[in-house]
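Here is a short briefing on one protein chain. Keep the sequence and the coordinates open while you read.

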Amino acid sequence: MKLVDASGLVLPGFALRVICALESAGYEAWAVGGWVRDSLRGAEGHDVDVTTSAQWEQTKLVLESVGIEVHETGTAHGTVTAVVEGQPVEVTTYRTEGTYSDLRHPDEVHFVTDVREDLARRDFTINAMAYHPERGLLDPYGGREDLVAGVIRAVGEPERRFREDALRVLRAVRFACRLGFAVEPATQDALAGCAPELSEIASERIGQEMTGIVESGRVDWALLHETDVLAAAIPEVGAMRGFDQCSPYHAYDVLEHTAHVCRAVEEFQGGLATTELRWAAFLHDIAKPVTFTQDSTGRGHFFGHPKVGAQMAEDIMRRLALPTDLVKQVRILVRMHDHVVTPTPRSIRRTLRKFELACPGMAPRLTWELLDLKRADAVSKVPSAAYYAVELDEIAAVLRQELEKHPPLTVRDLAVNGGDVIRETGMAPGPAVGLMLDTLLTGVLNDELPNEREALLAQLRWADAQ
């Protein structure tokens, strides 16, 4: 990787104002963390964090004296948040940290006067750099070299870093996935050794890191190279490792197959797969180990694994405190990933209807995503199974044609309404009216009736006469 020359870094004006205010008052201040890392990579801007020799009370006093709004957001750890031009800037006093008895928060914080001591407490070398517009880049741990080499390396002794804060185990994997980096050997050994301590971390924090891993588009790499870490974060993943499918259709164990599906989804989507499709690819076969049976010939079967997997996917994602709408979308994609779809209008409309019932308003998008999930699944089995990807092209063509016709997916899309049902049948208002509309919709979806007002009214009159 070719990095931007540190002399070419330009701090945003709002962050520069904070640093200048502190230094004009006699304190030292630097930009640190993600902004420095990403700016050296020439990547898009990151929120700017500032570290300073000033105590938080002094920081607040100085910044407010020059008209900068300040909020006390983490004073126990020396942090306040300045708001400049609508942009938040976290400002933290130089500090070192004591032991982490809960594997997440330091038992004590010591404020110091040397920025190098502050950098020494940080997780990875690429995050342990500081920048000042006049003094330039401060890089005591070789973070810039590791950026060039594409390496995730812990600051200092790796096991100590991870035992201080077990969540760093997942952060290392997230950074490796996001940046396309490798984990250097000593850091990797510590990752595997400390992974079980993730059990002490709150599930929602694990969910935040797993979201970053999945959304990186490189969860396939994480599955194959950081299995211990992912299995510690989501125990159900551990059962997939080495699980022989005993099937003539599969060339890989469940974990390897899942990794190939995750990679294929990215290829079919041009590296821009949606969050729900990435999670669905990751979890689509999560239930295979618990639904596995073998027949008298030794052949493996996974009867009901889409249904069981849909519930497992929901349980996992809710445990990780992921958004409800995302959970619903992933659940239905996992539930439908083995659903039989044929290149016929009737099959396409019925599939759209299932998605509409599960996720109102999302049916077209989710149906397209289902086809790519099925493609990825097909090409990740034995070579002979890839033929199904060709049939999926035919299905996609029919889907496109049907969507152009705007097929009815809910009773609201019918050419008649509840008032028509009441008038033509004499029914009293109530649930029976909705059931009649559902019957009409089913007839339209099944090509038994056209969605035309006169035809549907005639059907209502016929039903009333029976």
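Where is the place of Glu 85? Glu 85 sits in the loop between β4 and β5. The model is predicted.

**Loop residues**

- Glu 85 has a phi near 55°, a positive value in a residue other than glycine.
- Glu 85 is exposed, with a relative accessible area of 61%. The cut-off for exposed is over 50%.
- Asp 447 is not a glycine, yet its phi is positive too, at about 65°.
- Asp 447 belongs to the loop between α22 (431–445) and α23 (453–465).
- With a relative accessible area of 52%, Asp 447 is exposed.
- Val 66 lies in the loop between α3 and β3.
- Val 66 has a relative accessible area of 41%, so it is partly exposed.
- Leaving aside neighbours within four places in sequence, Val 66 is in contact with Arg 17 and Ala 21.
- Val 66 and Arg 17 are 49 residues apart in sequence, and their C-alpha atoms are 9.7 Å apart in space.

**The open sheet**

- Seven strands form an open sheet with mixed pairing. Their order is β3-β4-β5-β2-β1-β8-β9.
- β3 (69–74) and β9 (136–138) stand at the edges. Each has a single partner strand, so one side of each is left without a neighbour in the sheet.
- From one strand to the next, the twist averages 35°.
- In a regular strand, side chains alternate between the two faces of the sheet.

**Strand pairs**

- β8 (residues 130–132) and β9 run antiparallel and are joined by three bridges. In this pair, Ala 130 stands opposite Leu 138 of β9.
- β1 and β2 also run antiparallel, with four bridges between them. Here Val 32 stands opposite Asp 49 in β2.
- β2 and β5 run parallel, joined by four bridges. Thr 52 stands opposite Thr 93 in β5.

- Which strands does helix α1 touch? Helix α1 (residues 13–24) packs on the sheet against β1 (29–32), β2 (49–52), β4 (79–84), β5 (87–93) and β8.
- The direction of α1 makes about 35° with that of β5.
- Helix α3 (residues 56–65) packs on the sheet as well, touching β2, β3, β4 and β5.
- The direction of α3 makes about 160° with that of β3.

**Helix pair α14 and α17**

- Helix α14 (residues 275–283) packs against helix α17 (residues 324–336) at an angle of about 50°. Their axes are 9 Å apart.
- At that angle, α14 and α17 are therefore oblique to each other.
- The crossing of α14 past α17 is right-handed.
- From α14, the contact takes in Thr 275, Glu 276, Leu 277, Trp 279, Ala 280 and Leu 283. From α17 come Leu 326, Gln 329, Val 330, Leu 333 and Val 334.
- By class, this contact of α14 with α17 has eight nonpolar, two polar and one charged residues.

**Helix pair α13 and α19**

- The axes of helix α13 (residues 254–268) and helix α19 (residues 363–379) come within 8 Å. They cross at roughly 130°.
- α13 and α19 have a right-handed crossing.
- On α13, the contact residues are His 257, Val 261, Ala 264, Val 265 and Phe 268. On α19, they are Asp 372, Leu 373, Arg 375, Ala 376, Asp 377 and Val 379.
- The contact of α13 with α19 divides into seven nonpolar, one polar and three charged residues.

**Helix pair α18 and α19**

- Helix α18 (residues 345–358) and α19 cross at roughly 120°. Their axes come within 8 Å.
- α18 passes α19 in a crossing that is right-handed.
- Thr 351, Leu 352, Phe 355 and Glu 356 of α18 make the contact with Ala 363, Pro 364, Leu 366, Thr 367 and Leu 370 of α19.
- What are the classes of the residues in the contact of α18 with α19? Six are nonpolar, two polar and one charged.

Definitions and conventions: Residues are numbered from 1 along each chain as its sequence is written. This is a predicted model: local features need pLDDT of at least 70, side-chain atom pairs count only at pLDDT 80 or more; totals for chains, interfaces and linings use all residues. Side-chain values use heavy atoms; hydrogens and water are left out. Two strands pair if DSSP finds at least two bridges between them. Helices (H or I, at least four residues) and strands (E, at least two) are DSSP runs, numbered from the N terminus. Axes are lines fitted to C-alpha atoms, for helices over the stretch in contact, and angles run from 0 to 180 degrees between N-to-C directions. Contact means heavy atoms within 4.5 Å. Angles under 35 degrees count as roughly parallel, over 145 as roughly antiparallel, 65 to 115 as roughly perpendicular and the rest as oblique. A crossing is left-handed if the near helix is turned anticlockwise from the far one by less than a right angle, and right-handed if clockwise. Ala, Val, Leu, Ile, Met, Phe, Trp, Tyr, Cys and Pro count as nonpolar, Asp, Glu, Lys and Arg as charged, and the others, Gly among them, as polar. Buried means under 20% relative accessible area, exposed over 50%, partly exposed in between (1.4 Å probe, protein chains only).
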